[in-house]
Amino acid sequence: MNVKPDMTIARSERGMDTAPAIIEARNLGMTFAGGSVVALEDVNFDVKPGEFISLIGPSGCGKSTLLRLVAGLLRRSGGQMEVLGKSAGTPREEIGMMFQKPTLLAWKNVLDNVILPKTLTTGATDKDHIKALELLHLVGLEGFEFSYPNQLSGGMQQRVALARLLNTGAEILLLDEPFGALDEFTRERLNVELLRIQRDLQATILFVTHNIQEAVFLADRVFVMTPRPGRLTEIVEVDLPRPRDISITKTEAFNNLAFKVRDILGASI
Ligand SMILES: Nc1ncnc2c1ncn2[C@@H]1O[C@H](COP(=O)(O)OP(=O)(O)OP(=O)(O)O)[C@@H](O)[C@H]1O
C-alpha cells in the first residue's frame, strides 16, 4: 500500500468517478440450500480504489454474504463479479477480512497475534516484527505489545484484530460489523481512527454496519440493501469533506444524509 498525500476533498474530486473499478458486480446472485434460500439477487455495483463503502440493511439481507463473495470465501450462484481484475471465487492475499469478534489466539501475546499472518505464510523475520510494532502504534496500542488478549478491553482486542488485518498487506479490507459489539463511545473513537488509518494506507474498504450514523460518518458512499432477497436499493453519496472528525455528526449536512439513509431503509432495520 502507498502512503496517501491528502484526502480532504469529495469523492468526485478524488478522481473516483473516472478511476477504473477495483470491484465490479453485475447481476450478482447467491442462493443457499439448493436454491431455496435466495440471499442476493441482481446486485450491481462498482467500487473505486481508495473508496470507503458502508453496507447497511436489515438483518439477513445478505451483507455478510456479499463480503464473503468479494473475499472469495463463497462462489456466486449467478452473475459476474471481478475483484482487482480477476473473477472472484477464491481467497487472495490482496483481500483481507475482519469480523465482529476479534478471533485472537488467547495463548499468544498482542505482538505475536499481529505477526500471525506472516508466521503462517512466509515465516516472521525481524522486519516483520518491526512492521507489526509500527502497526500496533498505528492502531494506538503501543505499550501493550506483550499483553495477552484477556488483559485487553473489547475495543483494544478489535484494534489488535485490525492491526493483524493490516499486516496482511491487503489492498481491499472487508470489515463485517467490526465495532458492533462495542459501546458507543469506543465505537466512535475507533471510527475516527479507522478513517485516519484508511487515509494513511489508501486502502479500499467495504464496511458492514447496522448503525446509520456510523455508515454515513465513514463512507464515501452508503450501499443500502433491502430485506431478503437482498438487493441494492440505493446508493447514497456522502459528499462530506475529509478528513472528518466526530463534530461533523452535529452538522445539518450529516443529519440530512442520515435521515436519507433512514428513509430508504424505512421500517425494515
Ligand atoms: N451457509 C449458509 N447456508 C444457508 N443459508 C445461509 C448461509 N449463509 C447465509 N445464509 C442465509 O442467507 C441470508 C443472508 O445472510 P447474511 O448472513 O449474509 O445476512 P446479513 O445481512 O449479514 O445478516 P446480519 O445483519 O443479521 O448479520 C440469510 O437468510 C441467511 O440465513
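User: Hi! Which way do α2 and α4 cross, left-handed or right-handed?
Analyst: The crossing of α2 and α4 is right-handed. Bear in mind that this is a predicted model.

User: Thanks! At what angle do those two helices pack, and how far apart are their axes?
Analyst: Helix α2 covers residues 110–120 and helix α4 covers residues 154–166. They pack at an angle of about 30°, and their axes are 7 Å apart.

User: And which residues meet there?
Analyst: On the α2 side you have V110, N113, V114, L116 and P117. They meet V160, A163 and R164 in α4. Sorted by class, the residues of this contact of α2 with α4 are 6 nonpolar, 1 polar and 1 charged.

User: Nice. Zooming out, how is the chain divided into domains?
Analyst: There are domain 1 and domain 2. Domain 1 is made of 1–94 + 172–269, and domain 2 is 103–169.

User: How far apart are the centres of domain 1 and domain 2?
Analyst: Taken over C-alpha atoms, the two centres are separated by 25 Å. Domain 1 puts 12 residues into the contact, and domain 2 puts in 10 residues.

User: On the domain 1 side, what supplies the largest share?
Analyst: That would be helix α5, residues 184–201, with 5 residues of the side of domain 1 that touches domain 2. By class, that side of domain 1 has 9 nonpolar, 1 polar and 2 charged residues.

User: Let's switch to sheets. What order do the strands take in the open sheet of 4 strands?
Analyst: The order is β2-β1-β4-β5, and the pairing is antiparallel. At the edges are β2 and β5 (86–87), each pairing on one side only. Helix α1 packs on this sheet and touches β1, β2 and β4. The direction of α1 makes about 60° with that of β2.

User: How many bridges pair β1 with β2?
Analyst: Strand β1 (residues 23–32) pairs with strand β2 (residues 37–47) over 7 bridges, in the antiparallel sense. If you want to trace the pairing in the structure, I23 has V47 as its bridge partner in β2. Further along, A25 is partnered by F45, and T31 by V38.

User: What about β1 and β4, how many bridges join them?
Analyst: β1 and strand β4 (residues 78–83) are joined by 5 bridges and run antiparallel. Here I23 turns up again, standing opposite V83 in β4.

User: Back to that hairpin of β1 and β2: which residue takes a positive phi?
Analyst: A33 does, with phi near 50°. The hairpin has 4 residues between the strands. N27 is another one to look at, with a positive phi near 50° in a residue other than glycine. N27 sits in strand β1.

User: OK, and the other sheet? What is the order of its 6 strands?
Analyst: It runs β6-β7-β8-β3-β9-β10, an open sheet with mixed pairing. The edge strands are β6 (95–98) and β10 (232–237), and each pairs on one side only. From one strand to the next, the twist averages 15°.

User: Are β3 and β9 parallel or antiparallel?
Analyst: Strand β3 (residues 52–56) and strand β9 (residues 221–225) pair in the parallel sense, over 4 bridges. One of the pairs to find is I56, whose bridge partner in β9 is V224.

User: Now the ligand! How many residues surround the ligand, and which are the closest?
Analyst: The ligand is surrounded by 13 residues, and the closest are F32, A39, S59, S64 and T65. By class, this shell has 5 nonpolar, 6 polar and 2 charged residues.

User: Which element gives the most to that shell?
Analyst: α1 does, giving 3 residues to the shell around the ligand. Both β2 and α1 (63–71) supply at least two residues each.

User: Last one: where is the cis peptide bond?
Analyst: It joins R242 and P243, with omega about -5°. You can find P243 in the loop between β10 and α7 (252–265).

Terms used. Residues are numbered from 1 along each chain as its sequence is written. This is a predicted model: local features need pLDDT of at least 70, side-chain atom pairs count only at pLDDT 80 or more; totals for chains, interfaces and linings use all residues. Axes are lines fitted to C-alpha atoms, for helices over the stretch in contact, and angles run from 0 to 180 degrees between N-to-C directions. A crossing is left-handed if the near helix is turned anticlockwise from the far one by less than a right angle, and right-handed if clockwise. Two residues are in contact if their C-beta atoms, placed from the backbone, lie within 7 Å. Ala, Val, Leu, Ile, Met, Phe, Trp, Tyr, Cys and Pro count as nonpolar, Asp, Glu, Lys and Arg as charged, and the others, Gly among them, as polar. Two strands pair if DSSP finds at least two bridges between them. A residue is near a molecule or strand if its C-beta atom, placed from the backbone, lies within 6 Å of it. Domain bounds come from an automatic or database domain assignment.
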